[in-house]
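Here are a few exercises to work through with the model open beside you. Try each task before you read its solution.

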Amino acid sequence: SEDGRFIGVVSYKSGTDDELLLMDRNGNELNTFSLNQGITDFRIAKDGHFVTLRSDSRVAVFSVVSGERMGSTSIRSGTLYFADYIPEDEMIIALSGDRNGAQISNIELHAINLAERSLERQDYSGTLGITNAIPLSITRNAANNYTLNGLSTALNLKVSF
């Protein structure tokens, strides 16, 4: 995790689901989470209570303590390049698109409200720069108001259902 409180190890084994083993900084095992698709990324919420798993087309949020799946969704357009859970709003924010080298196009932004079980999608009509050297991250500015950083342009997102 960004603050160093948690360590995650993703394991891959042919014929089984990918798994994330989550530990505290002392190596104490907290929980194991699985996704029925290849795990490409995981994020731990700032409060440490939730973990978000991402594949190329699926995102799932779990409670760190109970292991319960809080919610999940599949993304059918493009490849999923970013997903994170904002506990204060019970919201998953995700970005998908088509990547060609250092450019991403056909961009869709996804907001999934787990409390209301509702989904909002919005197209972004331009092309943005993307690099593996700069990780994508999200900042919560206010309720349902976020900034997605790490692309060639910061994207300000205001979600309303």
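**Exercise 1. Find which classes of residue line the largest pocket.**

Solution. Start with the class count: the lining of the largest pocket has 10 charged, 8 nonpolar and 4 polar residues. Here Asp, Glu, Lys and Arg count as charged, Ala, Val, Leu, Ile, Met, Phe, Trp, Tyr, Cys and Pro as nonpolar, and the others, Gly among them, as polar.

Before going on, a word on the source: this is a predicted model, in which local features need pLDDT of at least 70 and side-chain atom pairs count only at pLDDT 80 or more, while totals for chains, interfaces and linings use all residues. Residues are numbered from 1 along each chain as its sequence is written, and side-chain values use heavy atoms, with hydrogens and water left out.

Next, go to the centre: of the 22 lining residues, Glu2, Ile44, Ala45, Lys46 and Asp84 lie nearest the centre of the largest pocket. Then look at the elements: strand S4 (41–44), strand S8 (79–86) and strand S13 (137–142) each give two or more residues to this lining. Strands are DSSP runs (E, at least two residues), numbered from the N terminus.

**Exercise 2. Locate the aromatic pairs and say which parts of the chain each one links.**

Solution. Begin with the rule: rings of Phe, Tyr and Trp (its six-membered ring) pair if their centres lie within 6.5 Å, and planes under 30 degrees apart count as stacked, over 60 as edge-to-face and the rest as tilted. By this rule there are 2 aromatic pairs.

Take Phe33 and Phe62: this pair is tilted, at 5.4 Å centre to centre and 45° between the planes. Phe33 belongs to strand S3 (residues 29–35) and Phe62 to strand S6 (residues 58–63), so the pair ties together parts 29 residues apart in sequence. Phe33 is buried (under 20% relative accessible area), with a value of 2%, and Phe62 is buried at 5%.

Now turn to Phe50 and Tyr85, an edge-to-face pair at 5.1 Å centre to centre and 70° between the planes. Phe50 sits in strand S5 (residues 50–54) and Tyr85 in strand S8, 35 residues apart, and the pair links these distant parts of the chain. Both Phe50 and Tyr85 are buried.

**Exercise 3. Describe the surroundings of Thr40.**

Solution. First place the residue: Thr40 is in the loop between S3 and S4. Leaving out residues up to four places away in sequence, Thr40 touches Arg54, Ser55 and Asp56, where contact means heavy atoms within 4.5 Å. Finally, the C-alpha atoms of Thr40 and Ile86 are separated by 19 Å.

Note on methods. On a 1 Å grid over the protein atoms alone, a cavity is a set of points where a 1.4 Å probe fits but cannot get out, and a pocket is an open set with protein on both sides within 12 Å along at least five of seven lines; lining residues have an atom within 4 Å of a point. Helices (H or I, at least four residues) and strands (E, at least two) are DSSP runs, numbered from the N terminus. Buried means under 20% relative accessible area, exposed over 50%, partly exposed in between (1.4 Å probe, protein chains only).
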